Amino acid sequence: MSTATTAIPQDPRNKDVRVEDYLNDKFQTLGDLESLEEILNAVQTQQSQLRTQLQTAETRAEKARTATTEHSHNLLIQAQIFQQNQDDIDRRLRATTSSATAQDAAAQFEASMEKLRRLDVAKGYVSLILQVHELSDEARKGIQKDPKLALVPYNKLQRLSKDLKSRHEEMEDAAVHLVDHVEKTTGLLWDEMKSRLAGQFEEVLSKIGWPTVDADVSKVPEFGKVFEKLLVLQEPEIETGLGDNPLLPLEVLVKPLELRFRYHFEGDRQTNRIDKPEWFLAHLSSLVTTYTPFLLSVIQPLLTASANPRISQRDAVNEFVTALLPVLRRKIHHLLPQILDQAQLLSHFIHEMIKFDAELREEFGYLPYGCADGEWKGVTHEVLVVEGGFVGWIKVEKEFALSRYHNILDAEDAWVLDYDSVEPKETKPTKSAIRLRDLLETVTDRYRPLTSFTQRLRFLIDIQISILDQYHDRLHSSVEAFKMLSSTIARAVQGTSKEEVQSLAGIGGLERLCKVYGSAMFLENCMRDWGEDIFFLELWEELQARARKAQQNNSTQNLAGTMNVQEVANVTSSAVASGEEDGALFDETAGSYKALRTTTEDMIIDLLIGSIREELRGYSKITLWSSITSDPSTPNTISPEMVQPATATNTFLSFLFKTVAPAVFKRVYRKFAAGIQAYLWDNVLMRNQFSLAGGKQFTTDVGELWNVSGRYIEDPGASMKRLKAACVLLTLEDEQVEGKIGLKEVVQRVFEDNEKARGVLEELGLVGCVSTSEARGVLQRRVEAWA
């Protein structure tokens, strides 16, 4: 510090100024001189303190310099020692490896370490393999005494195998051969233990004479013990879930039956025919039937006596069927490739499989133990899904159904009305519609046993609805052709022949339309009935549930083949997409048939009205109504011009009456009668003047139409109330006769005011039949009213 202080020169003038400022500050007046001594003492004390601080700082600085020098010296010594050590290590490495450089030495050293690591890994491999073999030997020794003793080392070996495989996958397949060896050893050990106990059980079975039906186990007491040993050996597998695997003792029990099956149905014998799957399926069914008494009396008590509830709850017959199914699966696996390209054989095979599954369910109550949803899908499901047979099968079924459909349409009597296949009071369909219904119901029976929703829906859409749509198009095109040929312009443009025109007119045209109408109504009703069938109801409910789930999840998954929710809704029911509760599978198709039926019904009415109007053309030209006189001695007869219209009406109504249902007939007749009424009103009644005799003649003529219609419908005049009221007004006598009001009084009151007009109409019973203005119009036609 002193060195630093002396090294900095100070200006004396600056010191004097500071002193001067200090003195001026302390002695501003003469009175301040009295404190001079105190100020001197304070300055001296401060000076002493500063000297002490200066000495202390100089001491500390000296110590710091000394410590820094020592630290630098020590670091230098350590660096020298490190360099000496490095040189020593390099010298030793060169001496050890005889390498020219340190890098080469390090590389050789790493190689040596890698060898040591490999030796360590090899040691671990050998140790693990030794442990695997020790556990295997222990299990082999235990199986000779008690399966439970063998299961302890076997379970350890199994856990070791799973653990090793898990580590192997984590290490990116670092020990392929070791994992393979342990897995094979574990599998071979299991096969060996199972084979040993199975061999013992086979010896016992041979003693009781198995597989004879009258096999007696009472003479062989060890039967139950060996049976139980196999169950004990399988307990770990049972605990984790068997899946489709049969119980070991039942598997051994089935072996001789399997050999017999293979002898008959997998060799060169005549019983092995690809076109006769029912033979081997019937054989399997007979085996279950044959051995059911043995299973119930011998095997079931052994299962029930087991301490393991997963065994004691099992049904012996069910387990026997489960043991037989692998035999069937192997047969199917070999048979299916041979028939996939042969449509008839494949279809026949699938249907026999469906029948076999149904027999197992219904006759033997088969349900595999532990079936998750309580419903066995059947071996058919495995054939169609697992083996991939569904695509080929539905293609075959569709081609077969379409072939049948075309045969139905090509038949000579396809479009003949069938009066015998339905009730007398039902609308008569054509024979093609009846046969089409039978075909579609046959298709339903073919896929009804299927458990897969998707497969059922595919059959419905791809086959049944597709055929219904084609038939609808055929009916619709027939209606459109009828419209086209019936058009005057179209006939002129296309040059329609006279024969074609005649076929569209009269009874021939009516029959043609009734064929379409009856067929459309029949199939529409069939679809409504099918919609109430429990099979289609269940299919509909599941379709709705799946559609709702797909929409909630905003899913685009397909519901049937490549069809999504909206596409399925377009061919089944709009309720599928909208989520409405009401609906049925055939809504869309039935709706199209209903629209066609409605259109055809309107065309039938138009045809009837048009035909009768044509017949009434001559009648409408009669102009002598006002000059007709009455002859009391001569009974009234119909006009000659009304004979043909009445005859034609009878012909039309007779055909229609026996062809359509009563409700349809009434509906058609009401509209037909309204059309004829309008024609007679406009073209006869309102265009002529009538005398009393003319009015009576007109009434007689109209009454003839009613008499003809009355053969088929009650009170036919009720559908022509306006015309009936006109006949009453036209036949009023001039004067009051036998208490009946006369023409003149009626005319007077009708034309006086509306209130009196309504009153007189009420007296005549015509209220609701004609309006006041219409009544006045009719009365104006009476020549006597204005005479």
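At what angle do helix α19 (residues 506-532) and helix α23 (residues 587-615) pack, and how far apart are their axes? Keep that pair in mind while you set up the view.

**Before you start**

This is a predicted model, in which local features need pLDDT of at least 70 and side-chain atom pairs count only at pLDDT 80 or more, while totals for chains, interfaces and linings use all residues. Residues are numbered from 1 along each chain as its sequence is written, and side-chain values use heavy atoms, with hydrogens and water left out.

Show the whole protein chain as a cartoon: there are 31 helices and zero strands. Helices here are DSSP runs of H or I with at least four residues, strands are runs of E with at least two, and both are numbered from the N terminus. Of the 787 residues in the chain, 40% are buried; buried means under 20% relative accessible area, exposed means over 50%, and partly exposed is in between (1.4 Å probe, protein chains only). Contact means heavy atoms within 4.5 Å. Among contacts between residues at least 6 apart in sequence, 70% join residues at least 24 apart.

**Stop 1**

Select 506-532 and 587-615. Helices α19 and α23 pack at about 155°, with their axes 9 Å apart. That makes α19 roughly antiparallel to α23. Axes are lines fitted to C-alpha atoms, for helices over the stretch in contact, and angles run from 0 to 180 degrees between N-to-C directions. Angles under 35 degrees count as roughly parallel, over 145 as roughly antiparallel, 65 to 115 as roughly perpendicular and the rest as oblique. The contact of α19 with α23 divides into 16 nonpolar, six polar and six charged residues. For these classes, Ala, Val, Leu, Ile, Met, Phe, Trp, Tyr, Cys and Pro are nonpolar, Asp, Glu, Lys and Arg are charged, and the others, Gly among them, are polar.

Helix α25 packs on α23 at an angle of about 160°, with the axes 8 Å apart. The α23 side of this contact has Ile604, Leu608, Ser611, Ile612 and Glu615, and the residues they meet in α25 include Pro645, Ala648, Phe652 and Leu656. By class, the contact of α23 with α25 has seven nonpolar, three polar and two charged residues.

**Stop 2: α9 and α12**

Move to 277-304 and 343-362. The angle between α9 and α12 is about 15°, and their axes are 9 Å apart. That makes α9 roughly parallel to α12. Show side chains for Pro277, Glu278, Phe280, Leu281, Leu284 and Ser285 in α9, which meet His348, Phe349, Glu352, Met353, Phe356 and Glu359 in α12. This contact has seven nonpolar, two polar and three charged residues.

Stay on Phe349. Leaving aside neighbours within four places in sequence, Phe349 is in contact with Pro277, Phe280, Ile332, Leu335, Leu336, Ile339 and Val383.

**Stop 3: the core**

The largest nonpolar core has 194 residues, and Phe223, Ile299, Leu328, Phe349, Leu680 and Phe698 touch the most other members. Such a core is a set of buried Ala, Val, Leu, Ile, Met, Phe, Trp, Tyr and Cys residues joined through side-chain atoms within 4.5 Å. Helix α16 (residues 453-486) gives the most to this core, with 14 residues.

While on α16, pick out Asp462. Not counting residues up to four places away in sequence, Asp462 touches Ile394 and Lys398. The C-alpha atoms of Asp462 and Lys398 are 7.5 Å apart, across 64 residues of chain.

**Stop 4: two covered helices**

Select 379-386. Six of the eight residues of α13 are buried, namely Val379, Thr380, His381, Glu382, Val383 and Leu384. Their cover includes α11 (316-339), α12, α14 (390-410) and α16. After α13 comes Gly388, with a positive phi near 70°.

Then select 721-730. In α28, Leu723, Ala725, Ala726, Cys727, Leu729 and Leu730 are buried. They pack against α26 (662-683), α27 (692-709), α29 (743-752) and α31 (772-779).

**Last stop: backbone details**

Most residues other than glycine have a negative phi, and most peptide bonds are trans. Asp715, in the loop between α27 and α28, has a positive phi near 50°. Asp715 is partly exposed, with a relative accessible area of 45%. Finally, find the cis peptide bond joining Trp210 and Pro211, with omega about 20°. Pro211 lies in the loop between α6 (176-208) and α7 (222-240).
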